[in-house]
Amino acid sequence: MSPDSTPEHPRDLSTRLIHPDYQPPDGFEAVQPPVHKACSVLFPDMASVAQRRWTDRSSYTYGLHGTPTTYRLEAQMAQLEGAQHALLCPSGLMPIALVNLTFLKPGDAVLLPDNAYGSGRDMAWHWLRERGVRVDVYEPMDVAAFSAALTPQTRVVWLEAAGSITMEFPDLPALVAATRAHEARHGRVIVALDNTWGAGLAFNAFEAGADVSVHAMTKYPSGGADVLMGAVVTRDDALHRSLQRTHMHLGVGVGGNDAELVLRSLPTMSLRYDAQDRAARHLARWLAQQPQIERVLHPALPSGVGHEHWQALCGVRDRAAGIFSFTLDERYSAGQADALVDALQLFGIAYSWGGPMSLAMRYDLSQTRSHALPWRGVLIRLAIGLEDVADLQADLAQALARLG
Ligand SMILES: *Cc1c(COP(=O)(O)O)cnc(C)c1O
């Protein structure tokens with residue numbers, strides 16, 4: 001396209017603002033990729049319109065179907081898991097919806113762990129059930145009950161390791177093996193893992209037997225507490241094509257600026273993961289020795305539920321996310337637990353994790369769990385940020401001291 005005006009027809013300012021004369025010099029290359037933002041993608045000619053393909057990421061057709069920035073982030077998310085395909089979504093909840101909407105139809109059943117991410121559980125319990133999908137819930141540590149809950153209608157099984165809030169680490173290989181044995185008799189079952197906790201760093205989702213791995217990139221891949229994003233990752237071409245079709249039908253792309261923020265954070269993800277892990281384990285061990293604490297729920301500690309399964313799957317890499325929960329001695333009320341959280345000065349009161357600021361939240365699980373929990377005390381979850389660990393410990397100590 002020539003930006004030049006002709007003397008016969010000087011172009012209007014509005015046109016020149018869109019077609020400026022200035023051309024930057026060639027040869028600019030930076031470490032970080034440029035940010036591409038588009039709805040319309042220009043084709044050089046009509047023949048290209050027919051030739052271009054977005055489904056295999058070999059070219060560009062429309063912003064919603066991908067830009068160089070989103071293709072690159074997809075490729076990096078796939079690579080992180082040793083997989084071939086990734087699809088980006090505008091939240092971490094959306095990949096869960098994408099898997100459910102792709103592989104479940106009325107009359108099917110989905111099997112979820114009792115400690116599944118809360119909004120995903122809610123989606124199943126309400127949205128899916130209202131549309132004729134049966135929702136079955138399993139106690140994540142009970143492989144026999146899990147096997148018994150698999151039915152001829154079960155088409156999707158969800159796994160989460162560690163599970164949300166109560167941090168149980170299930171025996172993933174045993175759950176996958178039970179699913180495959182069932183599948184041999186009753187047809188294909190998709191094993192979907194919410195891999196937000198492991199982030200592709202603590203263990204490999206596909207070696208653990210998952211068909212599909214979903215991530216809330218809002219947590220570690222972003223790391224900044226300022227982006228909402230998710231991904232569905234798979235090694236299987238056919239599953240990817242099915243997911244990609246749903247992704248297109250729902251119109252769930254991500255913006256270039258958000259993708260850029262995550263691309264900027266990914267190179268430091270393992271450093272951040274390990275730093276938060278070290279600090280979290282230090283604080284978890286320290287909390288376990290405090291007289292106000294009933295139990296510390298961290299899968300890398302022996303007091304964590306399923307510690308031996310964490311050890312088996314993550315022991316070699318010795319990695320765990322920097323998030324854990326603890327229960328207070330049962331002499332303390334929920335009101336006292338809230339006062340403890342309120343007294344913290346460095347821990348913000350907020351949802352989410354994986355960001356720079358440490359966060360605390362009290363949870364009441366009495367309405368959201370189908371199975372009884374094996375402890376009595378009030379539960380508080382801590383997400384450890386990047387502050388100095390001695391400062392965090394001092395903050396917890398002063399708040400605990402007020403409990404008496
Ligand atoms: C946060 C989270 C999600 C959802 O991510 P959002 O970006 O908040 O929608 C899904 N699964 C797990 C395990 C999470 O922690």
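**Entry 1**

I started at strand β9 (residues 323–328), which pairs with β12 in the antiparallel sense over five bridges. I take strands (E, at least two residues) and helices (H or I, at least four) as DSSP runs, numbered from the N terminus. Two strands pair if DSSP finds at least two bridges between them. This is a predicted model, so I note that local features need pLDDT of at least 70 and side-chain atom pairs 80 or more, while totals for chains, interfaces and linings use all residues. Residues are numbered from 1 along each chain as its sequence is written, and side-chain values use heavy atoms, with hydrogens and water left out.

On to the next pair. Strand β12 (residues 379–383) runs antiparallel to β11, and five bridges join them. Leu359 bridges to Ala383 in β12. Strand β10 (residues 348–349) pairs with β11 in the parallel sense, over two bridges. There, Ile349 has Ala360 in β11 as its bridge partner.

I then wrote down the order: β8-β9-β12-β11-β10, an open sheet of five strands with mixed pairing. β8 (293–297) and β10 are the edges; each has a single partner strand, so one side of each lacks a neighbour in the sheet.

I checked burial for β11 (residues 359–363). Four of its five residues are buried, so I logged the strand as mostly covered (buried is under 20% relative accessible area, exposed over 50%, partly exposed in between, with a 1.4 Å probe and protein chains only).

**Entry 2: helix α10**

I found α10 lying across β8, β9 and β12, at about 10 degrees to β9. Contact means heavy atoms within 4.5 Å.

I turned to its helix partner. The axes of α10 (residues 269–288) and α13 (residues 389–403) come within 10 Å and cross at roughly 30 degrees. That makes α10 roughly parallel to α13 (under 35 degrees; over 145 is roughly antiparallel, 65 to 115 roughly perpendicular, the rest oblique). Axes are lines fitted to C-alpha atoms, for helices over the stretch in contact, with angles from 0 to 180 degrees between N-to-C directions.

I listed contact residues. In α10 they include His282 and Trp286; in α13 they include Gln393 and Leu396.

**Entry 3: strand β5**

I ended at β5 (residues 190–194). Five of its five residues are buried, so the strand is largely enclosed by the rest of the structure. Ile190, Ala192 and Asp194 lie on one side, Val191 and Leu193 on the other. I found β4 (residues 154–160) paired with β5 in the parallel sense over five bridges. Leu159 bridges to Leu193 in β5.
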